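Subject: Structure for you to look at

Hello,

Here is the structure I said I would pass on. Please open it first and then read my notes below.

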Amino acid sequence: MTQYLEQVLLTPGPTPIEPHAQKALGFAMRGHMDPEVFAVNARVQANLRTLYGTDANAFTCLLAGTGSLGMEAGFANLLEPQDKVLICANGSFGYRMAEMSERLGANVTVVKAPIGQAIQLEDVKTALEADAFKLVAVVHGETSTGVLNPAIEVAQLAKSYGSLVTVDAVTTAGMMPYHMTEWGIDYAYTGSQKCLSAPPGVAPVAFSSSAIKAVENRTSKVPLWYADLEGLQAYWDRREYHHTVPVQLHYALDAALTAALEEGLPTRAKRVQEVGGAALAALETIGFTAFVERPEHRLPTVLAVRLPEYIQDVPVRSSLREHNVIITGGLGETAGKIWRLGLMGESARPAIYHKFFAALEKVLNVKGLITAFDQQLGVSTR
Ligand SMILES: *Cc1c(COP(=O)(O)O)cnc(C)c1O
């Protein structure tokens, strides 16, 4: 049988698996209609309400797919052909939203911001003044560039114009504040392998009660049978067969989500700030700089750093991999220029960053990174 070595996974997803989730993967098989599985599902649904801060009549569940299915399911349920949708895009995931909406036949308007910069509220306002949109969608944390968008303000603004609101929670919910009712969000989704540190393969989603009403008021059928809200409600609420769910992934997500809520969402938000702040401070000592200029626009869960001139992107990352440390470079126009270090879930741990800095010290033949990291961590946790 093939053996796989432990790796230090510092990619912006997948993340190192949370220990209880790892154990849960080995639980005995059960049928998808077994009462024990329905009990797991009910706990997941209740915990997702807490994670997303939903209203009392919201619907939560897991989709059998990754975060992108969560994204697509939202548009497929909330949009009908010709519906007007406003998409905020300043990186790959924002543009993926636009692509999906277009494929569904919606009438898409895109508000853009340059790579590395946050969406400007004034631009959203201008678009909302010019036209009426059924739905406004924004990525909270744009993983491809490490930018935190002003999702709360976008959501509140869109609400005031009467639109439904989708906020991609993939890099935020579970590690940073996220609240559907307080912020006016109607549809939220994430991927199991991001901030919750479960294995990839399920997408936790939430529909607000307004979103549910909007789906019920459609004049055409939801084009994706698999992710049709009605079918999901049949299984998750009425316990009727819809499709065979990946039971082991439900066990693992349940364990990871329970662990996250037990640790406490505010504690996790503090942890990511501290570990990320210390990691940036240590990297700055050898010439790295934050890629996102304005500190308030930096996404705490994905540290994007610009490489100093003397460091070659691909060879250094390949050497790190020989030390079993995996990090990610830039995409598109940032390729070769930046690194992206994951701080989601279990990757935002000092022990993991110690391993990264130990390997980086060896590869670059420098000293003092671990010391600098620890010093900064000591300052911010004191
Ligand atoms: C990873 C990611 C997705 C897509 O998730 P997959 O699990 O790769 O399908 C969507 N949005 C954001 C912001 C992401 O980081």
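In β5, L86 has V136 as its bridge partner. Strands β3 (residues 84–89) and β5 (residues 135–139) run parallel and are joined by three bridges. Helices (H or I, at least four residues) and strands (E, at least two) are DSSP runs, numbered from the N terminus; two strands pair if DSSP finds at least two bridges between them.

This is a predicted model, in which local features need pLDDT of at least 70 and side-chain atom pairs count only at pLDDT 80 or more, while totals for chains, interfaces and linings use all residues. Residues are numbered from 1 along each chain as its sequence is written, and side-chain values use heavy atoms, with hydrogens and water left out.

The first topic is the sheet that holds β3 and β5. Seven strands form this open sheet, in the order β2-β10-β9-β8-β5-β3-β4, with mixed pairing. Strands β2 (59–63) and β4 (107–112) are at the edges with a single partner strand each, so one side of each has no neighbour in the sheet. On average, neighbouring strands of this sheet are turned by 15° against each other, direction ignored. Helix α4 (residues 92–103) packs on the sheet and touches β3, β4, β5, β8 (164–168) and β9 (187–189); the direction of α4 makes about 160° with that of β3. Contact here means heavy atoms within 4.5 Å. Axes are lines fitted to C-alpha atoms, for helices over the stretch in contact, and angles run from 0 to 180 degrees between N-to-C directions.

Next, the ligand. Around it are 14 residues, of which the closest are T66, S68, T143, D168 and K194; a residue counts if one of its heavy atoms lies within 4 Å. The largest share of this shell, three residues, comes from α3. Among the polar contacts (pairs of N or O atoms within 3.5 Å), an N or O atom in the side chain of T143 is 2.3 Å from an oxygen atom of the ligand. A polar side-chain atom of D168 is 2.7 Å from a nitrogen atom of the ligand. The ligand taken alone exposes 380 Å², and the protein buries 90% of that (Shrake-Rupley method, 1.4 Å probe).

Last, there is an open sheet of four strands, in the order β11-β12-β15-β14, with antiparallel pairing. Its edge strands, β11 (289–290) and β14 (328–329), each pair on one side only. In β15, R340 stands opposite T328.

Regards

Definitions and conventions. A polar contact is a pair of N or O atoms within 3.5 Å; within protein, one must be able to donate a hydrogen and the other to accept it, and residues adjacent in sequence count only if both atoms are side-chain atoms.
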